Amino acid sequence: MTELALYARLYWEFFKTGLFAIGGGMATVPFLQDIAQKTGWYTSADLANMIAVSESTPGPIGINMATYVGYTTGSTLAGSTPFIDALLGIVGAIIATIGLITAPVVIILIVAKFLEQFRDNKYVNAAMYGLRAASVALIAAAGVSIILISIFRIQNISDWRSAVIDVRCFILAAVVFVATRYIPKVKKWHPIVFILLSAVIGIIFHMGT
């Protein structure tokens with residue numbers, strides 16, 4: 001695939017993601033899984049790593065993931081030097097990010113213009129309630145996907161027979177859940193503490209390998 005074709009595909013795939021992923025960055029995960037299956041740009045395990053990195057770095061997770069995918073995909077193009085590879089990756093990151101935000105920006109501008117006029121419209125209100133349900137479903141699907149990949153080591157629900165529980169990841173997830181929910185002092189800790197501790201534990205115990 002040529003650079004132009006790849007960049008055009010990156011833009012188009014992330015444009016569709018931004019157009020339909022309602023409910024925040026985590027709602028983009030099912031769409032990113034679909035992109036992985038259709039294009040082969042990355043695996044489900046790569047996607048789990050992207051989510052971990054995107055959640056651990058500043059900025060909206062959807063934007064972070066688009067940038068991450070765009071860079072890693074663009075940098076796979078055959079450059080003559082590592083510098084060229086990095087440059088192609090940066091271009092891919094920019095294009096994927098622009099693709100993701102194009103539709104939301106246009107929609108927000110349109111909604112802002114007409115919101116006051118249709119604020120009390122029963123059909124608009126009904127549509128908003130329907131979108132809430134769709135958002136919950138997309139975010140729930142993203143959560144299930146992460147559990148399948150990280151704890152049960154399977155790529156999608158159809159592979160459930162091959163599931164093998166990663167005991168280390170299960171214990172870490174259980175400890176974090178119990179600590180943040182039932183231990184008052186721990187509940188007050190900043191989220192970055194849990195991110196850093198989990199990263200250190202993952203390195204020490206070679207999780208994901």
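User: Among contacts in the chain between residues at least 6 apart in sequence, what percentage join residues at least 24 apart?

Analyst: The value is 54%, where a contact means heavy atoms within 4.5 Å. This is a predicted model, in which local features need pLDDT of at least 70, side-chain atom pairs count only at pLDDT 80 or more, and totals for chains, interfaces and linings use all residues. Residues are numbered from 1 along each chain as its sequence is written, and side-chain values use heavy atoms, with hydrogens and water left out.

User: How many helices and how many strands make up the secondary structure of the chain?

Analyst: There are nine helices and zero strands, giving the pattern α-α-α-α-α-α-α-α-α along the sequence. Helices (H or I, at least four residues) and strands (E, at least two) are DSSP runs, numbered from the N terminus. The C-alpha trace spans about 55 × 55 × 35 Å along its principal axes.

User: How do you know that the length of helix α9 agrees with its number of residues?

Analyst: The expected span of a helix is 1.5 Å times one less than its number of residues. For the 14 residues of helix α9 (residues 191-204) this gives 20 Å, and the end C-alpha atoms are 20 Å apart, so the two values agree. Just after α9, His206 takes a positive phi of about 55°.

User: What makes the pairing of Glu13 and Lys38 a salt bridge?

Analyst: A salt bridge is a side-chain nitrogen of Lys or Arg within 4 Å of a carboxyl oxygen of Asp or Glu. The N to O distance for Glu13 and Lys38 is 3.3 Å, so the pair meets the rule. The pair links distant parts of the chain, with Glu13 in helix α1 and Lys38 in helix α2, 25 residues apart. Lys38 has 41% relative accessibility and therefore counts as partly exposed.

User: How do you know that Asp34 and Lys38 are separated by about one helical turn?

Analyst: They are four residues apart in helix α2, which means a separation of about one helical turn. An α-helix has 3.6 residues a turn, so residues three or four places apart point the same way. Asp34 also forms a salt bridge with Lys38, with the closest N and O atoms 3.4 Å apart. At 35% relative accessible area, Asp34 is partly exposed. Arg9, Glu13, Lys16, Asp34 and Lys38 are linked in a network of salt bridges.

User: How many salt bridges are counted by this rule?

Analyst: The count comes to five. One of the pairs is Arg168 and Asp166, whose side chains meet at 3.7 Å, N to O. Arg168 is partly exposed at 32% relative accessible area, whereas Asp166 is buried at 7%.

User: Which residues have the most contacts inside the largest nonpolar core?

Analyst: A nonpolar core is a set of buried Ala, Val, Leu, Ile, Met, Phe, Trp, Tyr and Cys residues joined through side-chain atoms within 4.5 Å. The largest such core has 22 residues, and those with the most contacts inside it are Phe14, Leu32, Tyr42, Leu47 and Met65. The elements that give two or more residues to this core are α1, α2 (29-39), α3 (44-56), α4 (61-74) and α5. Not counting residues up to four places away in sequence, Tyr42 touches Leu32, Ile35, Ala36, Leu47, Met50 and Val69.

User: Which residues make the nonpolar surface patch?

Analyst: The patch, of about 430 Å², is made by Tyr11, Tyr71, Ile90, Ile94 and Ile98. Patches are made of residues with over 30% relative accessible area and no salt bridge, with like charges joined within 9 Å and nonpolar side chains (Val, Leu, Ile, Met, Phe, Trp, Tyr) within 5 Å. Ile94 has 47% relative accessibility and therefore counts as partly exposed. Helix α5 (residues 82-118) gives the most to the patch, with three residues.

User: What makes Val136 an example of an exposed residue?

Analyst: Its relative accessible area is 56%, so Val136 is exposed. Val136 is found in helix α6 (residues 122-150). The C-alpha atoms of Val136 and Ile22 are separated by 9.2 Å, although these residues are 114 apart along the chain.

Methods. Areas by Shrake-Rupley, 256 points an atom, 1.4 Å probe, with all protein chains shown as cover. Buried < 20%, exposed > 50% of the residue type's maximum accessible area, 1.4 Å probe, protein only.
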